[in-house]
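Please prepare a briefing on the structure shown here, with the lead points first and the details grouped by topic below.

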Amino acid sequence: MGGLGAIGVPGLIIILVIVLIVFGPKKLPEIGGAVGKTFAEFKKSTKGLIDDDDDPTKKVEKKSDAS
């Protein structure tokens, strides 16, 4: 029930070693880049949902700026 915090440092090291063995050192930069792009896209899309224009306070501010 502890989530990812329950893995700990030794567990994380074991996972990284297994990934290194399975994919090899040549594929790791590609995998890391793909994971990074995926997280960046996810962050961008969730920020877009949070900053959505359907927020009523934003509409009020836009109307008052136009006057």
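Glu30 counts as exposed at 53% relative accessibility, where exposed means over 50% relative accessible area, buried means under 20% and partly exposed lies in between, all with a 1.4 Å probe and protein chains only. The model is predicted, so that local features need pLDDT of at least 70 and side-chain atom pairs count only at pLDDT 80 or more, while totals for chains, interfaces and linings use all residues. Residues are numbered from 1 along each chain as its sequence is written, and side-chain values use heavy atoms, with hydrogens and water left out.

**Salt bridges**

- The count comes to two salt bridges, a salt bridge being a side-chain nitrogen of Lys or Arg within 4 Å of a carboxyl oxygen of Asp or Glu.
- Glu30 is paired with Lys27 in a salt bridge whose closest N and O atoms are 3.7 Å apart; Lys27 is partly exposed, with a relative accessible area of 43%.
- Glu41 forms a salt bridge with Lys44, and the closest N and O atoms of this pair are 4.0 Å apart.
- Glu41 and Lys44 lie three residues apart in helix H2 (residues 28-50), which means that about one helical turn separates them.
- In terms of accessibility, Glu41 counts as partly exposed at 47%, whereas Lys44 counts as exposed at 57%.

**Secondary structure**

- The chain has three helices and zero strands, where helices (H or I, at least four residues) and strands (E, at least two) are DSSP runs numbered from the N terminus.
- Read along the sequence, these elements give the pattern α-α-α.

**Surface and burial**

- Of the 67 residues of the chain, 3% count as buried.
- The chain exposes about 6,200 Å², of which carbon and sulfur atoms supply 70%; accessible areas come from the Shrake-Rupley method with a 1.4 Å probe, and for residues only the protein chains shown count as cover.

**Nonpolar patch**

- Ile14, Ile18, Leu20, Val22, Phe23 and Leu28 make a nonpolar surface patch of about 540 Å².
- Patches are made of residues with over 30% relative accessible area and no salt bridge, like charges being joined within 9 Å and nonpolar side chains (Val, Leu, Ile, Met, Phe, Trp, Tyr) within 5 Å.
- Helix H1 (residues 8-23) contributes the largest share of this nonpolar patch, namely five residues.
- Ile18, one of the patch residues, has its place in helix H1 and is partly exposed, with a relative accessible area of 48%.
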